[in-house]
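Happy to walk through this one with you. Here is the structure to keep in view.

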Number of protein chains: 4
Amino acid sequence: MTIDTPSAEMRLLLRTLAEFVREELLPLERPFLYHDFDTLMPILEDKRRLAQSLGLWLPQISAEHGGMGLSLYEHGLVSEVLGRTPLGHYALNCQAPDAGNMEVLIEHGTPEQKERFLLPLLAGEVRSCFSMTEPENAGSNPTRLSTAAVKDGDAYVITGHKWFTTGAEGAAFAIVMAVTDPAAARHQRASMIIVPTDTPGFHIVENTSVMGERGRGWASHAEIRYDDCRVPQSNRLGAEGMGFVIAQQRLGPGRIHHCMRWIGICERAFDLMCRQAVLREVAPGRALAEMGPVQNWVAESRAEIDAARLLVLRAAQRIDAEGAYAARDDIALIKFHVAGVLQAVLDRAIQVHGALGMTDETPLAFWYRHERAARIYDGPDEVHKWSVAKRILGRYAL
Amino acid sequence: MTIDTPSAEMRLLLRTLAEFVREELLPLERPFLYHDFDTLMPILEDKRRLAQSLGLWLPQISAEHGGMGLSLYEHGLVSEVLGRTPLGHYALNCQAPDAGNMEVLIEHGTPEQKERFLLPLLAGEVRSCFSMTEPENAGSNPTRLSTAAVKDGDAYVITGHKWFTTGAEGAAFAIVMAVTDPAAARHQRASMIIVPTDTPGFHIVENTSVMGERGRGWASHAEIRYDDCRVPQSNRLGAEGMGFVIAQQRLGPGRIHHCMRWIGICERAFDLMCRQAVLREVAPGRALAEMGPVQNWVAESRAEIDAARLLVLRAAQRIDAEGAYAARDDIALIKFHVAGVLQAVLDRAIQVHGALGMTDETPLAFWYRHERAARIYDGPDEVHKWSVAKRILGRYAL
Amino acid sequence: MTIDTPSAEMRLLLRTLAEFVREELLPLERPFLYHDFDTLMPILEDKRRLAQSLGLWLPQISAEHGGMGLSLYEHGLVSEVLGRTPLGHYALNCQAPDAGNMEVLIEHGTPEQKERFLLPLLAGEVRSCFSMTEPENAGSNPTRLSTAAVKDGDAYVITGHKWFTTGAEGAAFAIVMAVTDPAAARHQRASMIIVPTDTPGFHIVENTSVMGERGRGWASHAEIRYDDCRVPQSNRLGAEGMGFVIAQQRLGPGRIHHCMRWIGICERAFDLMCRQAVLREVAPGRALAEMGPVQNWVAESRAEIDAARLLVLRAAQRIDAEGAYAARDDIALIKFHVAGVLQAVLDRAIQVHGALGMTDETPLAFWYRHERAARIYDGPDEVHKWSVAKRILGRYAL
Amino acid sequence: MTIDTPSAEMRLLLRTLAEFVREELLPLERPFLYHDFDTLMPILEDKRRLAQSLGLWLPQISAEHGGMGLSLYEHGLVSEVLGRTPLGHYALNCQAPDAGNMEVLIEHGTPEQKERFLLPLLAGEVRSCFSMTEPENAGSNPTRLSTAAVKDGDAYVITGHKWFTTGAEGAAFAIVMAVTDPAAARHQRASMIIVPTDTPGFHIVENTSVMGERGRGWASHAEIRYDDCRVPQSNRLGAEGMGFVIAQQRLGPGRIHHCMRWIGICERAFDLMCRQAVLREVAPGRALAEMGPVQNWVAESRAEIDAARLLVLRAAQRIDAEGAYAARDDIALIKFHVAGVLQAVLDRAIQVHGALGMTDETPLAFWYRHERAARIYDGPDEVHKWSVAKRILGRYAL
């Protein structure tokens, strides 16, 4: 199985999935793009149940926990197909941040935590959120955190201010990154703690208006205040001070999910661009497709997407074979490289659509504004460039 | 007076205006960015009256019509200052498309048309819109129009479908581009016709959802159906078939207004970028401003903005001195060149802001999504590049 | 065997080859870069004999003809290692255009042609050249040729003007592309004909001065006049009119050789850049490697090279598996994509070297000037973008 | 007089100069590009005398010293016209580094120094060189110098190693930057000292091979060893320790000369690109000029050159009006901005020429390789970006 030639079984799955996306999900994009969640959500929940009944559920989770048991490489390919629509990952219950939370709970959860928090999450009965970023501290340096969890008896009392907590509205619980030992070494100060959202003191200030939209439910990002939120210490995930270690573990596979989702977006944008170029006439009998600049964009996009895709798939195979640590350079490289390709391809696709590209009649404008964050979240491009360059250059030092 | 050294009188005006923008308008950005038009509009109308009382009104209009009587070069400098906020042009009643409509009415309106349509527009009592773009026809070729105005007695009966008619919601009248003689030569087929919005058959389908937002009033773009709209032939502007000629005339000065507005946006974005770079710490005592990539962006943006600004000001001076026809290459060059700089500067400013740049706490995200259209409206970049290159290369042909 | 994980046997070969390049060839770069061919050539011929004795010979040729019998994918990997120095391909007798001429002779040569022309070429006893490009006709349209081969008895009489005939100086024969039937369909007008360089009328006008250098022998590009060059018709390769078909066949594998050679150049340039960044101090104790822009270049180059490399290797595997026709899109994509990466990486490496990068103390300046042609030869980038875009867009047409 | 509208007198001069360049100098490019200095130099010396007789001599020097007495802005415009050919500046005796050396001698020379060194330089009877860059120290940090001038009696004994000393071959004297007080503050360690090239111990190691060429005379860059070179202390320019201050003064005006020369190169490249686009057919009746990518390059180049040119002219006017210190941001901005435009325009012009662009039939390939140094000499782009960004960001700090 070479990088871009999956097994026959996998190819069959991808075909099934592509059909599911095309037939079941693309028709739902319109209410999503027009913020009509009241129309969207009941139908989308039906689609989730349909997906689950077809065995298209939890692709990133091992079979023993009810998932599809795919390798990271295979889940990457699934993520690519799902990425063709903003609804894809949610339909299979592998959307961020729930997918990552599931992985953390499986890896580090106690039996009680799994029973109470993981099982309903896997079943798609509840959603969760991940509360790390703080408005007062630069996300580019994740060791700077102000939110504190102070021990009081057998409880933690959590106080802090978070934002960009995706999907907090309607979530059953948050996994919160908080400082449990301010005197510890820089990377051992924080722990991850589960906070049910009905805990007194858990207060969603608002869904932050991001690129003009507050969104709803799983498609929103909340600002949250934790005002003396008291939870039992048994809600801590892993040993005290393990917060960053767990967060790092979470990132490697998550990076593959994201990057392959971006590749899926690129493919959809490429597809929309080519269709529009062929359909749109600039003069009678003369389509946009005959214009030199449009041809350039098609060719350049094709090359860039193909090359970026191979880079991500290689990273996935390397993680599968050697683990995330051995592949840490690859994981850094794909973050900024694919995000750059994504932005370029979306930009060209919009330009080919002209005024139509500015509207919400296609998902291009949605991705244009929200995936601008691809170069920011999980650490801005510059941090990844810096860190991978430091490692590479370090090997040249005597 | 060199290109970037305005007269002492002008410098005084620009200082006054900068203060007006800073003190009166910037505090209103928040309700604007959060779509809270109910809060915004009464205060903004007050600011308009204040501006008018200060003589800051209609900078693009001659003194005889109650304006400030500025040259195009001078109005360019005013437009730059106003461009620092999305509210600037509206506050002085020089927002698109009203500014252009005023110019057209002054140049081509009959005394009756001026009395009825121009005067209330100049006074800021009503708004207007300009209805040209059609969803079915590529805007890159403005001679392709389907909307028809058929003579019936002394009336035109107009039937057609338009979109991106900016500010139609709440406007008193539209100036509509419609084919009056389909058999005429390509550039003489269409005329501009005034259609009061209370004319039966004038039907706003909806404010088009653009980059996730439908907007409101002057800050919206409508899809409109003209269903047998009957208006007197005396509502035609200029001679029959003059539609394109008038539209062309409209573009030259309008291009300066837009480009200098974009420069104003660049300056504000640059300002926000530098402030954030200095304020935001990535580690204790270590600000973003010390990071190499950030320093690169600051330096490159400064050079690009300065150079682009001079290019626009030279074009303005050339139009003032020699007319728009003589300056048509310059007018094409600034369109795509400044739009490119604008996009690059906004992108960098957002990156420096990180997650904050994705929110609506600064105007960066608003401009990022809505000024994506800068490379599309008034003809996409590619059309301007093509047309100016054709003229230049034509001079090399034997 | 995934794309970038060659077989154990292949990995061993690549290690041997890397050592050969490092130990035997890199020390010879200095006389090459300083045009000291009198010093260089005798030693380089020794290295060729050494390579041959080690079985490092003709990697692109099947075992039955005395080559290493590698697949295209495998030869790509070899070409990458050889590409680390301008001397690599010549040392293994797989330099352009001899490598391509060998392939053409093997595929289309008669037994007599093979005996007389192929065998000494395979043995490295002679060199050859390929004479196609004409100064009077755009290389971007290879069907435009003026050189004519007119039948006279059982001979062809060839008249024409060629340039960029690489390695003509000192070559034993040229394969000339000439019009044999001007009345034929556009792609069937020309044939390839072998012209020994001692044929009367074969006249090298001069080695063209390319980027300031005329070069020598295999490292030169000649302007040639064919003045009534008479050769027997039995010197024609393949059937009459097959010239373009054969040229096309030649291109697919040749593209892989070139692109992997470019990747090899990128890797060497990357290596030089990192070494210099670590060695060079800008202030006491502060190396270039600590500068943000340098770190950016290292990270971006690493990502771009890796992605481009995978794209080429995939194309090679596809040609191996399905043939050049099935892979024609891939072959077009890698041409312009890798050439772009090559230019960017060389540019950054030079910038890191500062003044040193302008000198001939490293091979960077040599590649900077001569590999500028990578975006021109075998058809300029624009032609490849246009042709691949046309095919892609054609699939979207109804 | 606006930025790009010189006085009538100046316009006349520029026309005269343009004709001189076109009629007298362009015909000499061929021997220059083919390194045929033996043919070139006698004719070029005749052209120098012709220029001098026409009053086209020393444009950068005040009338009292026999120059044309132009402002910096005016000399910028002259430099642009001269820049259209690599021979332009030499023909008017305003080539680097002599032009800068003259300025330094005028400003800081003693009467004896002027008598002995300046007068023959102004007359064009001798050439000089400027010896600052050292191979062992990064040019990006000019305060790091190893060359030492030790006092011995009333002499300095200079020991050191320099390279990139332009025009040393055949020069009458060098101005050497050497450390006169290693214990002084960083910017006061060095002095400029005049060293006649016949001083014992002045040893040209070789003309460095730069981009494959060693050049000759004024068009070469030497590596020099100073082995106990003894010169009287009266050969020092200015007070001891003033070396950097004088070097800084030298840079401001020199930057304008360089940048306007680059603009001149851009204009010539643009001209060559357009001519070739119109002349070259890719198919019968179908010129390159009709291709979309070529049209894009023409339009983008035109905008970029115009904008960059205005930026330089504004900097020149600011230096003329307010002095170099007040304009130091502008001086930094134009360095990297114009160098970037230069490289982009040359690259496009070569691409339009195809194989011809790689040859020395046009000056494009010469500029492509030698003006790569534009982003390196006088401090690499990155240093200028860093320094201007630091100043800008410093103004935002509290």
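Predicted model: local features only at pLDDT ≥ 70, side-chain atom pairs only at ≥ 80, totals over all residues.

Residues are numbered from 1 along each chain as its sequence is written, while chains are lettered from A and ligands numbered from 1 in the order in which they are written.

Me: Which helix gives the most to the side of chain C that touches chain A?
Reply: Across this interface, 33 residues of chain C are in contact with 33 residues of chain A (contact: C-beta atoms, placed from the backbone, within 7 Å). Helices here are DSSP runs of H or I, at least four residues, numbered from the N terminus. α8 (243-279), α9 (292-322), α10 (328-353) and α13 (381-396) of chain C each supply at least two residues. With 14 residues, the top contributor is α9(C).

Me: Are α9(C) and α10(C) roughly parallel or roughly antiparallel to each other?
Reply: Their axes (lines fitted to C-alpha atoms over the stretch in contact, with angles from 0 to 180 degrees between N-to-C directions) come within 9 Å and cross at roughly 155 degrees. Angles under 35 degrees count as roughly parallel, over 145 as roughly antiparallel, 65 to 115 as roughly perpendicular and the rest as oblique. The two helices α9(C) and α10(C) are therefore roughly antiparallel.

Me: Which residue takes a positive phi just after α3(C)?
Reply: Helix α3 of chain C covers residues 37-53. Just after α3(C), a positive phi of about 80 degrees is taken by Gly55(C).

Definitions and conventions:
Contact = placed C-beta atoms within 7 Å. Expected span 1.5 Å × (residues − 1).
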